[in-house]
Amino acid sequence: MIALISPSDLLPDDVMIPACTDAPEQFFSEDPHELEQAKVVCRVCPMRQACLAGALERREPWGVWGGALLDRGRVIAYKRAPRRMAGSAA
Ligand code: SF4
């Protein structure tokens, strides 16, 4: 029988796992609402400052890092919702 383990199973009990490890896709979503929710998750993360500093240093191309949304290495306020295609139904 094969036992499945997650990375958090390998860490001592007193090591806090960032909330973004539960749903990493939310932090790289194309949905502006999901990205805003990811920013909220970061607010209580003890790694917030280091996370954002590292992301800026690496010039992360995309995603929510340290409570900020990055696009091509720069912080942007928000992601615009995609435009509806001409002729599509509402
Ligand atoms: S601050 Fe960084 S490590 Fe913490 S939840 Fe947000 S993205 Fe994850």
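Among contacts in the protein chain between residues at least 6 apart in sequence, what percentage join residues at least 24 apart? Then please look closely at A38 and the core that holds it.

Reply: This is a predicted model: local features need pLDDT of at least 70, side-chain atom pairs count only at pLDDT 80 or more, and totals for chains, interfaces and linings use all residues. Residues are numbered from 1 along each chain as its sequence is written.

Your percentage is 37%. Two residues are in contact if their C-beta atoms, placed from the backbone, lie within 7 Å.

Now the setting. The protein chain has 2 helices and 3 strands. Helices (H or I, at least four residues) and strands (E, at least two) are DSSP runs, numbered from the N terminus. Along the sequence the pattern is α-α-β-β-β.

A38 lies in helix α1. A38 counts as buried because it has 23 C-beta neighbours inside 10 Å. The cut-offs: 20 or more other C-beta atoms within 10 Å of a residue's own make it buried, 12 or fewer exposed, and anything in between partly exposed, with C-beta atoms placed from the backbone. Of the 90 residues of the chain, 9% count as buried.

Leaving out residues up to four places away in sequence, A38 touches Q26, F27 and V64. A38 and G67 are 29 residues apart in sequence, yet 7.4 Å apart in space, C-alpha to C-alpha.

A38 also belongs to the largest nonpolar core. Such a core is a set of buried Ala, Val, Leu, Ile, Met, Phe, Trp, Tyr and Cys residues joined through C-beta atoms within 7 Å. In soluble globular proteins, nonpolar side chains tend to be buried together.

Next, the strands. The 3 strands form an open antiparallel sheet in the order β1-β2-β3. Its edge strands, β1 and β3 (74–76), each pair on one side only. Strands pair if DSSP finds at least two bridges between them. Strands β2 and β3 pair over 3 bridges.

Finally, back to the helix of A38. Helix α1 lies across β1 and β2, at about 35° to β1. Axes are lines fitted to C-alpha atoms, for helices over the stretch in contact, and angles run from 0 to 180 degrees between N-to-C directions.
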